Amino acid sequence: SLTSLFSGLHNLRATSDNLDEFLDAITGLERYFSERQTSRDLNAIEVGLFGELVLIASAANSNTFIRGWHSTPFSSYDFGFENLQLEVKT
């Protein structure tokens, strides 16, 4: 389900010139995750996801970060760009 969520965000950003629409989607996700009562482990995953989304939203070229975003939450790094990798710590 997370893959579908990320795919939807990627498609939204890639097909829309309206950055506000993309930021609204991220804000909605943040609100959804922040209102949930979860275990400590799941909370850490959600915080990590939020950090990655904030990085994408605040990047000067968010499409580059969207393309470099990991395809699975079990990847070694959060982002990969040719010979460079990036791990976000939140």
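These legends go with a set of close-up views of one predicted protein model.

**Figure 1. The whole chain, for orientation.** Residues are numbered from 1 along each chain as its sequence is written. Since this is a prediction, local features need pLDDT of at least 70 and side-chain atom pairs count only at pLDDT 80 or more, while totals for chains, interfaces and linings use all residues, and side-chain values use heavy atoms, with hydrogens and water left out. The protein has 4 helices and 2 strands, and from the N terminus on they run α-α-α-α-β-β. Helices (H or I, at least four residues) and strands (E, at least two) are DSSP runs, numbered from the N terminus. Of the 90 residues, 28% are buried; buried means under 20% relative accessible area, exposed over 50%, and partly exposed in between, with a 1.4 Å probe and protein chains only. Take contacts (heavy atoms within 4.5 Å) between residues at least 6 apart in sequence: 39% of them join residues at least 24 apart.

Figure 2. The score here is pLDDT, the predictor's confidence in each residue, from 0 to 100. Its mean over the protein is 82, and 89% of the residues reach 70 or more. Confidence is lowest in α2, at a mean of 80, and highest in β2, at 91. A word of caution: where pLDDT is low, the predicted coordinates should not be read in detail.

**Figure 3. Inside the largest nonpolar core.** This is a set of buried Ala, Val, Leu, Ile, Met, Phe, Trp, Tyr and Cys residues joined through side-chain atoms within 4.5 Å. It has 15 residues, and L9, F22, L49, L53, I56, W69 and F79 touch the most other members. The elements giving two or more residues to this core are α1 (2-15), α2 (19-35), α3 (40-58) and α4 (62-68), and α2 gives the most, with 4 residues. Zoom in on F22 and you'll find L9, L12, R13, I56, A57 and I66 in contact, leaving out residues up to four places away in sequence.

Figure 4. E52 sits in helix α3 and counts as buried because its relative accessibility is 8%. What E52 does have is a side-chain polar contact of 2.8 Å with W69. A polar contact is a pair of N or O atoms within 3.5 Å; within protein, one must be able to donate a hydrogen and the other to accept it, and residues adjacent in sequence count only if both atoms are side-chain atoms. Beyond four places in sequence, E52 touches W69, H70, D78, F79 and V88.

Figure 5. D78 is in the loop between α4 and β1 (79-81). D78 is buried and has no salt bridge either, K89 being the nearest side chain of opposite charge at 6.5 Å. A polar atom of the D78 side chain does lie 2.7 Å from the backbone nitrogen of V88. Neighbours within four places aside, D78 is in contact with E52, G68, W69, H70, L86, E87 and V88.

**Figure 6. The salt bridge between E87 and K89.** A search of the whole structure finds 1 salt bridge. E87 and K89 form a salt bridge, with their closest N and O atoms 3.7 Å apart. E87 counts as partly exposed because its relative accessibility is 32%, whereas K89 is exposed, with a relative accessible area of 71%.

**Figure 7. L86 in strand β2.** L86 belongs to β2, which covers residues 84-86, and with a relative accessibility of 32% it counts as partly exposed. L86 touches L55, F65, Y77, D78, F79 and F81, not counting residues up to four places away in sequence. H70 is 16 residues from L86 in sequence and 9.9 Å away, C-alpha to C-alpha.

**Figure 8. E82 and its backbone angle.** E82 lies in the loop between β1 and β2 and is exposed, its relative accessibility being 83%. Most residues other than glycine have a negative phi. E82 isn't a glycine, yet its phi is positive, at about 50 degrees.

Terms used
Salt bridge = Lys/Arg side-chain N within 4 Å of Asp/Glu carboxyl O. Lys, Arg positive; Asp, Glu negative; His and termini not counted.
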